[in-house]
Amino acid sequence: MSTTASDPLAALGSLPGVPDAVDSVRKAVDRVYGHRVMRRRSNEVTAEAALRGSRGSAALAGADWNLEEVRRRTDFSGDDESRTVGAALRLTAEAGQLLSIWRQSPLRVLARLHLVAAGGAAPEDAVGRPRLAGEPVDEPLIEAPLPAADEVAGRLEGLSQLIIAGSAAPALVTAAVVHGELLALRPFGSRNGLVARTAERIVLIGSGLDPKSICPAEVGHAEQGRAAYVAAFEGYTAGTPEGMAAWIAHCGRSVELGVRESTAVCEALQRGAA
């Protein structure tokens, strides 16, 4: 994060194109929250959004399963794809339990998310803590240079302080920066992408933009495709105003596509088809 303004997140919110993205997301979210189904069956929409968001996040991590397979399966202890889908499902379920902690101790939340994501697959002494110097990272989708362990520690602390201090930035901007920074740092030995997308979800819910968690950005990230995801993320790592704005806009479009998915769920529930 290259800006040095007193409120760097708010400064990002004024980049060209970002206010339009923020406004577009807000209007889309307001529309789905205004759907008549949300008055009576919001819990069902939330549950379906969680399932679809988990599937989308797992797809970006290399486990691109059909939604009905995710819905049907009960055992996720088999091969690596199964464990990835299981991790995504566990993280989505955990996200709602961590909202009250996030604003006071984001690093504690990130540690818990990695513990949940690892699910016993990582060495016990490496779970839930930032990686040490020389420790490898398994994150095949992201090929950006890997920051050194001491840089990771410093930037994580900086991110934590920004969250604790609060910001006038729109929720979309904060969520995009949290997501992008965790991808850039890859602080854990594994499952960093899943953790980063769950942290984005926590910000969107906790900010009040999506309090019922019915706008799964993970769906939109997956729908736009892995290549578009990586290209937008490269804009974040470049640190230029144009690159940062492109990443925030990409995250905004992902939320809108998540809204579209949940709107379709609302319509299906209204017809009695789901």
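**View 1. The surroundings of H221.** Leaving aside residues up to four places away in sequence, H221 touches L60, H179, E200, Y229, H250, C251 and S254, where contact means heavy atoms within 4.5 Å. This is a predicted model, in which local features need pLDDT of at least 70 and side-chain atom pairs count only at pLDDT 80 or more, while totals for chains, interfaces and linings use all residues. Residues are numbered from 1 along each chain as its sequence is written, and side-chain values use heavy atoms, with hydrogens and water left out. H221 sits in helix α11 (residues 217-224); helices are DSSP runs of H or I with at least four residues, numbered from the N terminus. With a relative accessible area of 0%, H221 is buried (under 20% relative accessible area, 1.4 Å probe, protein chains only). Its side chain makes a polar contact with that of E200 at 3.1 Å (N or O atoms within 3.5 Å, one able to donate a hydrogen and the other to accept it).

**View 2. W65 and F76.** Here is one of the four aromatic pairs found in the whole structure (ring centres of Phe, Tyr or Trp, the last by its six-membered ring, within 6.5 Å; planes under 30 degrees apart are stacked, over 60 edge-to-face, the rest tilted). W65 and F76 are stacked, 6.3 Å centre to centre with 25° between the planes. W65 lies in the loop between α3 (42-60) and α4 (67-72) and F76 in the loop between α4 and α5 (80-95), so the pair ties together parts 11 residues apart in sequence. Both W65 and F76 are buried.

**View 3. F233 and W247.** This pair is edge-to-face, at 6.1 Å centre to centre and 70° between the planes. Ring pairs link Y229, F233, Y236 and W247 into a cluster.

Notes:
Helices (H or I, at least four residues) and strands (E, at least two) are DSSP runs, numbered from the N terminus. Buried means under 20% relative accessible area, exposed over 50%, partly exposed in between (1.4 Å probe, protein chains only).
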